[in-house]
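Subject: Structure for your review

Dear colleague,

Please find below the structure that I am handing over to you. My notes on it follow.

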Amino acid sequence: MEADGNIIIPIIGYVIGALSPIIGLIYGAILVFFKKESALYQKHGRFIIYFSIVMFVIYFILFFY
């Protein structure tokens, strides 16, 4: 069920992913692999991983441009 979890946990993950993509990637992986009891954490964990990868690429392009 979608409601079994606290929405603050994924929001913190998105903020961490925006500020530090490497730590956001780790945070998202923790949600996906260790919080299996909650579908909310599973779904947002994958999205946080994708978001962190995109942010890393953006930071990389901006740094070397």
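Axes here are lines fitted to C-alpha atoms, for helices over the stretch in contact, and angles run from 0 to 180 degrees between N-to-C directions. This is a predicted model, in which local features need pLDDT of at least 70, side-chain atom pairs count only at pLDDT 80 or more, and totals for chains, interfaces and linings use all residues. Residues are numbered from 1 along each chain as its sequence is written, and side-chain values use heavy atoms, with hydrogens and water left out.

The protein has three helices and zero strands; helices (H or I, at least four residues) and strands (E, at least two) are DSSP runs, numbered from the N terminus.

α1 and α2 pack at an angle of about 150 degrees, their axes 6 Å apart. α1 is therefore roughly antiparallel to α2, a term for angles over 145 degrees. In contact (heavy atoms within 4.5 Å), Ile9, Ile12, Gly13, Ile16, Gly17 and Leu19 of α1 meet Pro21, Ile23, Gly24, Tyr27 and Leu31 of α2.

Helix α3 (residues 39-64) has 26 residues and should span 38 Å at 1.5 Å a residue, which agrees with its end C-alpha atoms being 38 Å apart; the expected span is 1.5 Å times one less than the number of residues. Buried residues (under 20% relative accessible area, 1.4 Å probe, protein chains only) in α3 include Leu40, Tyr41, His44 and Ile48. The buried residues of α3 pack against α1 (8-19) and α2 (21-34). Of the 65 residues of the protein, 26% count as buried.

Yours sincerely

Notes. Buried means under 20% relative accessible area, exposed over 50%, partly exposed in between (1.4 Å probe, protein chains only). Angles under 35 degrees count as roughly parallel, over 145 as roughly antiparallel, 65 to 115 as roughly perpendicular and the rest as oblique.
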